[in-house]
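I opened this entry to record what I looked up in the structure. The sequence and model are placed below for reference.

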Amino acid sequence: MERLKRLTQGDLSQSELEVIKRVFDLATTQSWFDDTPYSREGFAAALVDLFRCGMVNPAQLERIAMFWALSDFSHSMSSAQRAKLRSLYSRCEVEQ
């Protein structure tokens, strides 16, 4: 939850954060999810962005997020995608 609070910079209510966290937890506990710090961070940022863009219906957010996670954050992601996520994650760590 702390990751999501940090990414939202306090812009969302507790109930909105709980919706995002429920979807985050659902996707990241799937056997196909690439459970690494950089994938978790990238997926969390993607979820927050989806929510901010108006995807606030929990069922719709869950559906889109699961497809996005399967496409971009699975064990089978390409080496180029994995390198990109690592690079973005290392930049985020420096900014904190």
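**Fold and burial**

I counted 5 helices and 0 strands in the chain, where helices (H or I, at least four residues) and strands (E, at least two) are DSSP runs, numbered from the N terminus. Along the sequence, I read the pattern as α-α-α-α-α. The model is predicted: local features need pLDDT of at least 70, side-chain atom pairs count only at pLDDT 80 or more, and totals for chains, interfaces and linings use all residues. Residues are numbered from 1 along each chain as its sequence is written, and side-chain values use heavy atoms, with hydrogens and water left out.

I noted that 34% of the 96 residues of the chain count as buried, meaning under 20% relative accessible area (1.4 Å probe, protein chains only).

**Helix α2**

I found 15 residues in α2 (residues 14-28). Its buried residues are L17, I20, V23, F24, A27 and T28. Seen down the axis of α2, they fall within an arc of 130° and so line one face of the helix; the arc is that of the directions from the helix axis to the C-beta atoms.

**Packing of α3 and α4**

I looked up how α3 (residues 37-52) packs with α4 (residues 58-72): the angle is about 145° and the axes are 11 Å apart. Axes are lines fitted to C-alpha atoms, for helices over the stretch in contact, and angles run from 0 to 180 degrees between N-to-C directions. F43, A46, L47, L50 and F51 of α3 make the contact with L61, I64, A65, W68 and A69 of α4, contact being heavy atoms within 4.5 Å.

Note on methods:
Expected span 1.5 Å × (residues − 1). Buried < 20%, exposed > 50% of the residue type's maximum accessible area, 1.4 Å probe, protein only.
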